[in-house]
Amino acid sequence: MTAAPAIPKGLEGVVAAETEMSFINGQKGILEYVGIPIGELSAHSNFEETVFLLWNRRLPSKAELDSFTRELRGQYDPPAAVMQRISELPKDAQPMHVLRTMISLLALYDTTPNANDVASAREKSLKILASAPAIVANFDRYRRGEAPIKPDDSLSFAENFLYMLNGKRPTATMARAFDVCMILHADHGLNNSTFTARVIISTLSDVYSALTGAVGSLRGPLHGGANEGVMDMLNAIPSVDAAEAFVMDKLVRKDRIMGFGHRVYKTKDPRATDLQSLAKQLAEDTGNTALYEKSHRIEQVMEREVGAKGIYPNVDFYSATTYHCIGLKLDLFTPMFAMSRLAGWSGHLLEQLSDNRLYRPTVRYVGPHNQPYTPMDQRS
Ligand code: CMC
């Protein structure tokens with residue numbers, strides 16, 4: 001009998017869809033959105049333009065960008081009934097659970113929640129993307145005992161979020177730093193949460209279900225939840241000098257260092273390179289240089305110890321320091337990833353809907369056959 005072919009564990013290397021959105025070369029550390037290197041976008045674009053690019057697979061004209069930005073801003077304010085529910089949630093709820101629940105709740109206030117033609121799915125995606133900042137910021141305000149703040153549609157996506165969160169307009173530097181984080185996290189091939197969104201929409205379910213499922217996938221510590229794990233680690237290391245012993249101890253115990261390693265990148269994630277510069281600058285500006293230095297020391301030790309195995313910083317490593325310097329609480333880090341990635345998930349579900357076939361892989365059964373049914377009183 002010939003041996004059954006090996007199943008690539010975790011579907012590593014399996015091509016499960018085509019996309020025109022992002023391209024990754026994990027050996028060379030290249031990430032492009034629609035062919036444009038990520039470093040070009042983080043240097044010159046903004047989040048709104050990046051979303052347009054991902055959804056239309058081309059850069060907008062000035063008039064198109066203005067029109068798209070107006071459309072997004074017009075949807076900043078979620079239905080009042082949804083915002084009212086936020087003030088009924090347990091104050092100790094975790095923001096990722098809140099975001100997941102509220103995206104699901106938005107479906108109840110849509111008169112055509114199941115409309116799945118590409119135009120309707122795009123409208124729903126836009127509404128969910130535009131609503132996410134008000135949901136996350138106002139949940140954080142509510143748990144701090146602060147009154148909710150209405151979105152300000154004269155502000156960009158990034159500015160508006162920081163404005164609602166903090167009750168005052170962000171400085172230009174903070175707004176730009178946050179905008180760059182949004183650009184860098186927007187899309188990344190067929191990562192686990194994007195695959196989840198595509199699998200759900202392929203049943204011709206609905207946009208709300210697909211994006212709710214994607215948020216659930218992202219929060220895992222092996223995926224987007226790693227940025228919170230990085231911050232926990234940095235907090236657990238008392239000083240820059242203690243970083244090396246901390247890492248060595250973890251490696252000896254075969255523990256994972258959060259923010260390192262990637263299924264696709266076998267060199268430094270290009271987003272980590274951009275976020276490192278941002279983290280360094282923000283750390284200097286906000287008196288957090290020790291935090292940056294700790295991160296940098298960890299990176300040096302990891303390169304020396306496991307660089308040969310292709311384990312390098314991923315997007316989550318320096319985003320932790322960046323978000324901390326922007327003033328975000330630890331449990332808001334992963335919701336920030338989700339707020340941006342809603343753009344990528346939506347683009348992927350639109351691609352899936354435009355050429356859909358149900359995802360339905362198969363499984364190899366490896367259990368016994370023809371077993372007797374043993375009555376309950378004869379079971380041991
Ligand atoms: N620290 C120490 N060793 C590691 C790490 C790490 N962070 N990541 C992988 N390894 C080792 C692992 O122990 C294994 O070693 P060995 O072959 O000796 O047993 C080898 O590298 C391969 O690991 P794997 O688990 O088979 O690799 P994977 O492709 O399944 O895992 C990963 C990818 C991201 C889950 C993993 O690198 C990891 O757990 N990293 C920490 C969590 C993290 O930072 N996640 C964020 C990923 S990037 C953002 C995103 O996509 O959400």
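How far apart are the axes of helix α8 and helix α15, and at what angle do the two helices pack? Their axes are 11 Å apart and the angle is about 155°, with axes fitted to C-alpha atoms over the stretch in contact and angles running from 0 to 180 degrees between N-to-C directions. This is a predicted model, where local features need pLDDT of at least 70, side-chain atom pairs count only at pLDDT 80 or more, and totals for chains, interfaces and linings use all residues. Residues are numbered from 1 along each chain as its sequence is written, and side-chain values use heavy atoms, leaving out hydrogens and water.

**The α8 and α15 pair**
- Helix α8 covers residues 172-185 and helix α15 covers residues 315-326; helices are DSSP runs (H or I, at least four residues), numbered from the N terminus.
- M174, A177, F178, C181, M182 and H185 of α8 meet V315, S319, T322, Y323, C325 and I326 of α15, a contact being heavy atoms within 4.5 Å.

**Helix α13**
- Helix α13 (residues 270-286) has 17 residues and should span 24 Å at 1.5 Å a residue, which agrees with its end C-alpha atoms being 24 Å apart; the expected span is 1.5 Å times one less than the number of residues.
- Buried residues of α13 include L275, L278 and L282 (buried means under 20% relative accessible area, with a 1.4 Å probe and protein chains only).
- Among the elements covering the buried residues of α13 are α8, α14 and α15.
- G287 follows α13 and has a positive phi, near 70°.

**Residue A16**
- A16 touches L190, F195 and Y359, not counting residues up to four places away in sequence.
- A16 and F337 are 321 residues apart in sequence and 23 Å apart in space, C-alpha to C-alpha.

Methods. Buried means under 20% relative accessible area, exposed over 50%, partly exposed in between (1.4 Å probe, protein chains only).
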